[in-house]
Amino acid sequence: MQDAGTPWDEDDDIDRLRLYSLTGGRTVPTRSLDLASLVHVASGDPPQMDGEHAQIHALCRVEARSIAELAGLLRQPATVVKILVCDLLDAGALSHATPDFESDPTDLKLLERVLAGLREISF
């Protein structure tokens, strides 16, 4: 709701309306996902998708993507992306790719592999 003295910003209202329509008015995802949660395409035939759902599915086809990465690539708020990803998880089109937390974080070989990977991506 706008104050009587605040000028009306049509673009801002249209953006909010678009986000509302993308999520079907939902504001809370059906699953607990954080920005680092990874998802990838599930095996099997994908359901019919359009718009942002199809874009998310296509982005996750080659490799697992985090919620933060998907939000950045789609230029959408993370909460909206979480809701859309949950739709795809619920439909069986995506799978949650949970990192292996059973590894020993003090394992020297693991730490050396992490360091080598970081050196490869550093500038």
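Start with the whole chain and its contacts, meaning heavy atoms within 4.5 Å. Of the contacts with a separation of 6 or more, 71% are between residues 24 or more positions apart. Keep in mind that this is a predicted model: local features need pLDDT of at least 70, side-chain atom pairs count only at pLDDT 80 or more, and totals for chains, interfaces and linings use all residues. Residues are numbered from 1 along each chain as its sequence is written, and side-chain values use heavy atoms, with hydrogens and water left out.

Now colour by secondary structure. Helices (H or I, at least four residues) and strands (E, at least two) are DSSP runs, numbered from the N terminus.

The chain exposes about 8,900 Å², with carbon and sulfur atoms supplying 55% of it; accessible areas come from the Shrake-Rupley method with a 1.4 Å probe, and for residues only the protein chains shown count as cover. Of the 123 residues, 25% are buried. Buried means under 20% relative accessible area, exposed over 50%, and partly exposed in between (1.4 Å probe, protein chains only).

Next, select Asp87, in helix 4 (residues 78-91). Asp87 counts as buried because its relative accessible area is 18%. Show side chains and you'll see Asp87 paired with His53 through a polar contact of 2.9 Å. For such a contact, a pair of N or O atoms must be within 3.5 Å; within protein, one must be able to donate a hydrogen and the other to accept it, and residues adjacent in sequence count only if both atoms are side-chain atoms. Beyond its neighbours within four places in sequence, Asp87 touches Arg26 as well as His53.

Hop over to Ser66 in strand 2 (residues 65-66). What does its side chain reach at 3.0 Å? That's the backbone nitrogen of Glu69. Ser66 has a relative accessibility of 14%, so it is buried. Outside the four places either way in sequence, Ser66 is in contact with Leu35, Ala36, Ser37 and Leu38.

Cys60 is buried at 1% relative accessibility, and Cys86 is buried at 0%. Check for disulfides (cysteine sulfur atoms within 2.5 Å) and you'll find zero in the structure.

Last stop: Leu118, in helix 5 (residues 108-121). Leu118 is partly exposed because its relative accessibility is 48%.
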